[in-house]
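Hi,

Here is the structure we talked about. My notes on it follow below.

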Amino acid sequence: AQTVTQSQPEMSVQEAETVTLSCTYDTSENNYYLFWYKQPPSRQMILVIRQEAYKQQNATENRFSVNFQKAAKSFSLKISDSQLGDTAMYFCAFMKRNAGNMLTFGGGTRLMVKP
Amino acid sequence: ETGVTQSPTHLIKTRGQQVTLRCSSQSGHNTVSWYQQALGQGPQFIFQYYREEENGRGNFPPRFSGLQFPNYSSELNVNALELDDSALYLCASGLGVASSHYEQYFGPGTRLTVT
């Protein structure tokens with residue numbers, strides 16, 4: 001079984017600053033995906049960024065980038081130029097490849113972007 | 001918005017009762033997964049349906065059951081409700097179970113309160 005741990009229950013950042021959210025995971029699998037999902041207040045959960053475990057290059061999506069350390073089983077999310085609309089719960093999630101696309105989530109980090 | 005809808009939005013039930021939650025998948029999607037998100041926690045996988053068959057199940061008792069219909073909409077049924085069943089129930093639809101169809105599209109959730 002897989003476990004995903006997010007050690008920062010809450011974080012805050014000033015608008016336009018950079019913030020990094022941490023995630024560690026435990027698995028015996030070698031072939032998997034890692035994700036960051038965003039859940040804004042009272043709105044639907046949406047995918048922010050995805051990393052495939054076999055790729056060494058860190059994924060980037062506009063202001064969002066990850067630091068994927070496979071050996072350390074670490075997967076952090078960096079948000080650059082933070083915007084008020086980034087205020088949300090952020091969930092790190094694990095998905096085993098070729099196993100039906102079921103997600104294992106961490107406990108979440110509540111991010112507040114302050115003006 | 002993702003195109004996944006859920007009903008009802010909120011629901012209050014009494015311990016011991018039964019409840020049915022509904023999910024309408026995004027057009028073209030043939031998988032649906034259900035997650036339970038307790039307050040302040042990350043979502044936990046309940047089960048997944050693919051082409052009307054259960055395709056995987058998390059660590060939930062048999063009183064949690066589901067259905068997927070030919071139009072790929074879905075129901076989650078919970079019997080003998082317990083206080084700990086109070087949570088946000090999320091459904092997520094996808095294009096299939098192949099790893100290339102990793103992205104899950106989440107609905108807004110149904111908030112169930114058991115008193």
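Is Arg50(A) buried, exposed or partly exposed? Arg50(A) is partly exposed, at 25% relative accessibility. (Buried means under 20% relative accessible area, exposed over 50%, partly exposed in between, with a 1.4 Å probe and protein chains only.)

Some ground rules before the rest. This is a predicted model, in which local features need pLDDT of at least 70 and side-chain atom pairs count only at pLDDT 80 or more, while totals for chains, interfaces and linings use all residues. Residues are numbered from 1 along each chain as its sequence is written, chains are lettered from A and ligands numbered from 1 in the order in which they are written, and side-chain values use heavy atoms, with hydrogens and water left out.

**Salt bridges**

Over all chains, the whole structure holds 10 salt bridges. (The rule: a side-chain nitrogen of Lys or Arg within 4 Å of a carboxyl oxygen of Asp or Glu.) Arg50(A) pairs with Glu52(A), with the closest N and O atoms 2.5 Å apart. Glu52(A) is buried, at 9% relative accessibility. Glu52(A) also meets Lys55(A) in a salt bridge, 3.6 Å from N to O. Lys55(A) is partly exposed, with a relative accessible area of 38%. Shared partners join Arg50(A), Glu52(A), Lys55(A) and Arg97(A) into one network of salt bridges.

Another pair is Lys96(A) with Glu29(A), at 3.7 Å between the closest N and O atoms. This one links distant parts of the chain, 67 residues apart: Lys96(A) sits in strand S10, Glu29(A) in the loop between strands S4 (24–26) and S5. (Strands are DSSP runs of E, at least two residues, numbered from the N terminus.) Lys96(A) is partly exposed at 29%, and Glu29(A) is partly exposed at 30%.

**Where A meets B**

The contact takes 20 residues from chain A and 27 residues from chain B. (Contact means heavy atoms within 4.5 Å.) The two chains bury about 1800 Å² between them, 52% of it on carbon and sulfur atoms. (Buried area is the accessible area, with a 1.4 Å probe, that two parts lose on being put together, summed over both.) Gln44(A), Asn101(A) and Met102(A) supply 35% of the area that chain A buries against chain B, more than any other three residues.

How many salt bridges cross this interface? The rule finds zero. Five residue pairs are in polar contact between the chains, both residues at pLDDT 80 or more. (A polar contact is a pair of N or O atoms within 3.5 Å; within protein, one must be able to donate a hydrogen and the other to accept it, and residues adjacent in sequence count only if both atoms are side-chain atoms.) On the chain A side, strands S5 (32–39), S6 (46–52), S10 (88–96) and S11 (103–105) each supply at least two residues. S5(A) gives the largest share, four residues.

**Strand S12 of chain A**

S12(A) spans residues 109–114. Thr109(A), Leu111(A) and Val113(A) form its covered face; Arg110(A), Met112(A) and Lys114(A) form the uncovered one. S12(A) runs parallel to S2(A), joined by five bridges. (Strands pair if DSSP finds at least two bridges between them.) Met11(A) has Leu111(A) as its bridge partner. S12(A) runs antiparallel to S10(A), with three bridges. There, Tyr90(A) partners Thr109(A).

**Phe64 of chain B**

Phe64(B) lies in strand S7 (residues 64–68) of chain B. Phe64(B) is buried, at 2% relative accessibility.

Best wishes
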